[in-house]
Amino acid sequence: MVAASQDTPRPQNTRAIMTFLREHAPFSSMDDTHLAHFAEHASLRFYANDDVVLSPEDGPVKRFYIVKQGRIRGERHNEKDDKTETTFEISQGECFPLAALIGERPTRTLHRAAGDTFCLSIEHDAFVTLFSDSDSFRDFCLRGVSSLLDQVNQRIQSGAMASMGSSNSLDTPLERYALRNPIVCSTDLPVRKAVARMHENNVGSIIITDDERHPIGIFTLRDLRTMVAEEKGPLDTPIGQVMTRDPICLTSHSDAFEAAMLMAEHHFAHLCVVDENHRLIGVVSERDLFSLQRVDLVNLARTIGTASHLRTLVSLRTDVSRLVDAMLAHGADSGQVVKIITTLNDVTVRRVLELNIKKHDPGIPFTWLTFGSEGRQEQTLLTDQDNGILFETPEGMTEDQVREKLLPFAEQVNKELAECGFTLCKGNIMASNPKLCLSGKEWDDWFIRFIDASTPQNLVYSSIFLDMRAVFGPMEPLDALFGKVLTRIQKNPLFQKMLAGNAITRRPPLTMFRNFRYAPDGKKHNLDLKRQGLAPFVEAVRVFALAHGVEEANTLERMDRLVAKEVFDPKDANAWKEAYSLIQAIRMRAHQEMLERGEPLSNYINPDDLNPLDRRILRESFRQAQRLQQKLEVTYQL
């Protein structure tokens, strides 16, 4: 029964209500006139434990509610099991029922008081006025947690912008940057004439195209310097013989972030902009992305990639933290920032390998593998080493003989990476471990045993070795290996179920009453944002991805592919991506604050140190992780 006191709502003090509202989003970003409108039309209603507040049988919803004290739980009847399930809980400062009010329909969920509860509420007409007049309130009503995430990202960005000044957004489409009517030529044009054409037009590159205007090569002033310095041929040489073939291309709808990342990863200064038919429509240069150069992304990557001494690499690593601050200031979201960090880490790893090959070339071709968060391109400033080696055994040698040459080399690389800030792996998941320096056949045999024998240790390994990527050496051996691994997992539903069962052991840190459940280790009243917050998303998504043949390792990209394969509902996937990104953003901001205070980096935070908006959205993010795990449980009948 509904409490009798609901029928006699108590008048409220306008100022007190406004003070309460300002502590909670979206009201904290609304104008005082709109808050006053709410307060003047609000009444306070009391509900005793188990009282029904709203029911589907009540007809179209007539009031908008905010929990002032206590909790509301949502209940739905499961016809299949003939059971009533709690689908959500709403706590202090949270609102309901938005979808039903906007749709002018009954609620589909029964709302019940969980303990003695007070709610502020306004009539439908007052809600409509607020919805019409307040942009931030309307945005929240239509987008829910997405708009709250925007507020968090805006605050992170505005804080970082304080010392940076403004610039173009990283999301600006390349059509805004691209040089139209780029200088082009055919493959038979002599280099001398091509350079003259570049000089006349004051550009640093010329694009070589075919008859359909498809870019087939690029020649830059840097190529000219190399050609002259290394005496590769006379200036009458046809440009097709000295051009860089298959230039990197992006469409005009791609953004500045993608362009800058490609330039950073591959150390080039120009890329082609093409249309949907791969016809050349423009060129973007490093200089065109000048606003990004203020944060030194491309320059830092190039400096790392060309460093001649280990000590230079060690000193350059200190610039990455400053870069993270700068990229946040330029509008990069958490997904972009972790890719930036991973890209710079990749460049560092490659350079350490190149410097060691120059000093002591083992004489054996190999592929350097990376696992775990680096394999997923999700590294933050706090990272350790998870790497291995894949080699093809040369004719006339045994695998053990190859290892004799590669292991001392790998040990030196691991040691130097540690000097660069990549701490040695406590579990010895490193290329210097003989068990992780294997031929293609040995890796294949290892994965066969790994999948067929789902031991507890192998399930622990799944969170490391099933997220892998090649960062140096030929890519084809890993592509072939991982193709076989994916096929075996798809054909092995028992292994999938074991993976799923292991994934749900990492529960989000929420109690049944939506309070935070603290980490068992670390400081008192702390959450581990990596193990408790991000891991539930990473591990659940990994299971779905492997089961459906998704080759990508990045968690957000896996979600996109699962939507494309119609495994995930697009709305669910968007909510999970936003929740995952929010936890990652709070984690990165905590790392930056630790660095500013001179503290060692950790993944622990005390939620009491967060503002009300961050606490609320963190709680909502953990609830989304619970929903994702519920989908895993239903899919695999766990």
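Trainee: How many residues has helix α19, and how far does α19 reach from its first C-alpha to its last?

Mentor: This is a predicted model, in which local features need pLDDT of at least 70, side-chain atom pairs count only at pLDDT 80 or more, and totals for chains, interfaces and linings use all residues. Residues are numbered from 1 along each chain as its sequence is written, and side-chain values use heavy atoms, with hydrogens and water left out. Helices are DSSP runs (H or I, at least four residues), as are strands (E, at least two), numbered from the N terminus. The expected span of a helix is 1.5 Å times one less than its number of residues. Helix α19 (residues 476–490) has 15 residues and reaches 21 Å, close to the 21 Å expected.

Trainee: Which residues of α19 are buried?

Mentor: Buried means under 20% relative accessible area, exposed over 50%, and partly exposed in between (1.4 Å probe, protein chains only). The buried residues of α19 are Pro477, Leu478, Leu481, Phe482, Val485, Leu486 and Ile489. Because they cover an arc of only 155° around the axis, they lie on the same side of α19; the arc is that of the directions from the helix axis to the C-beta atoms. The face turned away from this buried side carries the exposed residues Glu476 and Asp479.

Trainee: Where does Arg213 lie, and what is Arg213 in contact with beyond its neighbours within four places in sequence?

Mentor: Arg213 lies in the loop between β11 (205–209) and β12 (215–220). Contact means heavy atoms within 4.5 Å. Leaving those neighbours aside, Arg213 is in contact with Pro182, Val184, His278, Arg279 and Leu280.
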